[in-house]
Amino acid sequence: MFRMICLLGLTSIALLHLGEIWLTGPTQQTHFLTEWLPLYTVWGIQLALSWWQPDQENS
């Protein structure tokens with residue numbers, strides 16, 4: 001379930017970013033680095049963590 005939420009979040013961020021580019025045109029690199037890159041990073045890390053699940057039987 002967490003993996004699906006992460007995929008949905010990452011897809012939503014990508015679609016919002018593409019929508020902004022489509023509506024306003026290409027933006028400066030600093031705009032990407034300060035606004036979009038942190039969002040992509042957080043959602044990407046969450047997605048990576050969703051693939052790593054500790055073995056619940058050893059607890």
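## Two helices side by side

H1 passes H2 in a left-handed crossing. Keep in mind that this is a predicted model.

**How the helices pack**
- Helix H1 covers residues 2-24 and helix H2 covers residues 29-51; they pack at an angle of about 160°, and their axes are 8 Å apart.
- Because angles over 145 degrees count as roughly antiparallel, H1 is roughly antiparallel to H2.

**Who makes the contact**
- On the H1 side, the contact residues include Phe 2, Ile 5, Leu 10, Ile 13, His 17 and Glu 20.
- On the H2 side, Phe 32, Trp 36, Leu 39, Tyr 40, Trp 43 and Leu 47 are among them.
- The residues of this contact between H1 and H2 divide into 15 nonpolar, 6 polar and 2 charged.

**A closer look at His 17**
- His 17 lies in helix H1.
- His 17 counts as buried because its relative accessibility is 10%, and buried means under 20%.
- Leaving aside neighbours within four places in sequence, His 17 is in contact with Phe 32, Trp 36 and Tyr 40.

**The aromatic pair**
- The structure holds 1 aromatic pair.
- Phe 32 and Tyr 40 form this pair, which is tilted, with 6.2 Å centre to centre and 40° between the planes.
- Phe 32 is partly exposed, at 28% relative accessible area.
- Tyr 40 is also partly exposed, with a relative accessible area of 21%.

Definitions and conventions. Residues are numbered from 1 along each chain as its sequence is written. This is a predicted model: local features need pLDDT of at least 70, side-chain atom pairs count only at pLDDT 80 or more; totals for chains, interfaces and linings use all residues. Side-chain values use heavy atoms; hydrogens and water are left out. Axes are lines fitted to C-alpha atoms, for helices over the stretch in contact, and angles run from 0 to 180 degrees between N-to-C directions. Helices (H or I, at least four residues) and strands (E, at least two) are DSSP runs, numbered from the N terminus. Angles under 35 degrees count as roughly parallel, over 145 as roughly antiparallel, 65 to 115 as roughly perpendicular and the rest as oblique. A crossing is left-handed if the near helix is turned anticlockwise from the far one by less than a right angle, and right-handed if clockwise. Contact means heavy atoms within 4.5 Å. Ala, Val, Leu, Ile, Met, Phe, Trp, Tyr, Cys and Pro count as nonpolar, Asp, Glu, Lys and Arg as charged, and the others, Gly among them, as polar. Rings of Phe, Tyr and Trp (its six-membered ring) pair if their centres lie within 6.5 Å; planes under 30 degrees apart count as stacked, over 60 as edge-to-face and the rest as tilted. Buried means under 20% relative accessible area, exposed over 50%, partly exposed in between (1.4 Å probe, protein chains only).
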